[in-house]
Amino acid sequence: MTEIRTEDVVFRADGLRLAGVLRVPSEPTGRAVALTGPFTGVKEQVTGGYAERLAAEGIITLAFDHRGFGASEGRRCHEDSQGKLADLRAAVSALAGRPEVDPERIGVVGVCLGGGYAVRAAATDPRVRAVAGIAGGYNSPAWFSRQLGDEAYRGALRGFLDAYDEFLPAVAPDGGEAAMSGEEPWSYYGTDRSRAPGWENRITRGSLHSLMTFDALGAAPLLGAVPLLVVHGTEDAYCSPELARALHAETPGPAEIVWLDCHQHVDLYDVEPHVSRAVAAASEFLHRTL
């Protein structure tokens, strides 16, 4: 069984202190990944679980709190798309500076919304040599506009801007207003499944403007030199399988897609056998491409 050394680490992005956990397997090969995760998520939740499992497969992992979340500095509970990309660049730099890491063997793994940030980071940071998205949110403003209709889409953006600094719950029971509405998000974040000391059940309304205008799918044509793995559930009401399929199809470089028989988006957060299958696919891919 692989022994894992765990180390609390601190690094900076745009002058902000970011908190992370580095996991180093007992026999590291130099391969390393930074992990980025779900909307509002912290490092003790989904990314921490995947980081632990990938480290057990021999890959050095860095799970961290993005700016404004968990133990990191920054504007509290506010989704900053460009800021998160800066955080990922800083995470790659932090890994590259470690003696255990081969700077030519660094990748990024994203889960849920982090999948979108991972592919955008890989498209713009040539130090990233491979990227994997698991249940990824490959947001596309054009797709959102087509789905909602242009008038409704622009009306939603106007509403987010008008109340930009107001907070609303991240999740709520019984159909209450929330950024992630519905019983499925509540089943994870509203229960002991996600219990973590640094997680807060609130988010700014301006964060929803960031979500609805962040273009992850547009990064696909820039991934010609970066191997891509997409792992996605066949059913996912929160991160569209259609967008996962589009990302795979529109990527000109080596791209692979693995479909898992999930019935809920959060199945790929902590439900077996789905997580084990996702980890196995990601581990094999990373060992082969890094």
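Guide: A definition first: Ala, Val, Leu, Ile, Met, Phe, Trp, Tyr, Cys and Pro count as nonpolar, Asp, Glu, Lys and Arg count as charged, and the others, Gly among them, count as polar. The model discussed here is predicted.

Visitor: By class, what residues does the lining of the largest cavity have?

Guide: The lining of the largest cavity has six nonpolar, six polar and two charged residues.

Visitor: Which residues are the closest to its centre, the centre of the largest cavity?

Guide: Gly-37, Pro-38, Gly-41, Val-42 and His-66 are the closest to the centre, out of the 14 residues that line the largest cavity. The space in this cavity is about 90 Å³.

Visitor: How many cavities of 30 Å³ or more does the structure hold?

Guide: There are two cavities of 30 Å³ or more. The second largest cavity holds about 30 Å³ of space.

Visitor: Which residues line the second largest cavity?

Guide: Its lining includes Thr-40, Val-42, Phe-69, Arg-76, Cys-77, Trp-199 and Glu-200. By class, four of the lining residues are nonpolar, four are polar and two are charged.

Visitor: Turning to pockets, what volume has the largest pocket?

Guide: The volume of the largest pocket is about 690 Å³. The pocket is lined by 28 residues, and Phe-39, Ala-179, Met-180, Leu-211 and Tyr-238 lie nearest its centre.

Visitor: Which elements give two or more residues to that lining?

Guide: Those elements are α4, α5 (150-162), α6 (183-189) and α7. By class, the lining of the largest pocket has 22 nonpolar, five polar and one charged residues.

Visitor: At what angle do α4 and α7 pack?

Guide: Helix α4 (residues 141-148) and helix α7 (residues 205-213) pack at about 100 degrees, and their axes are 7 Å apart. Angles of 65 to 115 degrees count as roughly perpendicular, and α4 and α7 are therefore roughly perpendicular to each other.

Visitor: Which residues make the contact?

Guide: Pro-141, Phe-144 and Leu-148 of α4 meet Leu-211, Met-212 and Thr-213 of α7. By class, five of the residues in this contact are nonpolar, one is polar and none is charged.

Visitor: How many residues of α7 are buried?

Guide: Eight of its nine residues are buried, so α7 is mostly covered, where buried means under 20% relative accessible area. Among the buried residues of α7 are Arg-205, Leu-208, His-209, Leu-211 and Met-212.

Visitor: What do the buried residues of α7 pack against?

Guide: They pack against α2 (81-96), α3 (113-124), α4, α5, β7 (167-168) and β8 (203-204).

Terms used: Residues numbered from 1 in each chain as written. Predicted model: local features only at pLDDT ≥ 70, side-chain atom pairs only at ≥ 80, totals over all residues. Heavy atoms only, no water. 1 Å grid on protein atoms, 1.4 Å probe; cavity = no way out; pocket = protein on both sides within 12 Å on 5 of 7 lines; lining within 4 Å. Points joined across faces, edges and corners; volume = space filled by probe spheres on them. Axes fitted to C-alpha atoms, helices over the stretch in contact; angles between N-to-C directions. Helix = DSSP H or I, 4+ residues; strand = E, 2+ residues; numbered from the N terminus. Parallel < 35°, antiparallel > 145°, perpendicular 65-115°, else oblique. Contact = heavy atoms within 4.5 Å. Buried < 20%, exposed > 50% of the residue type's maximum accessible area, 1.4 Å probe, protein only.
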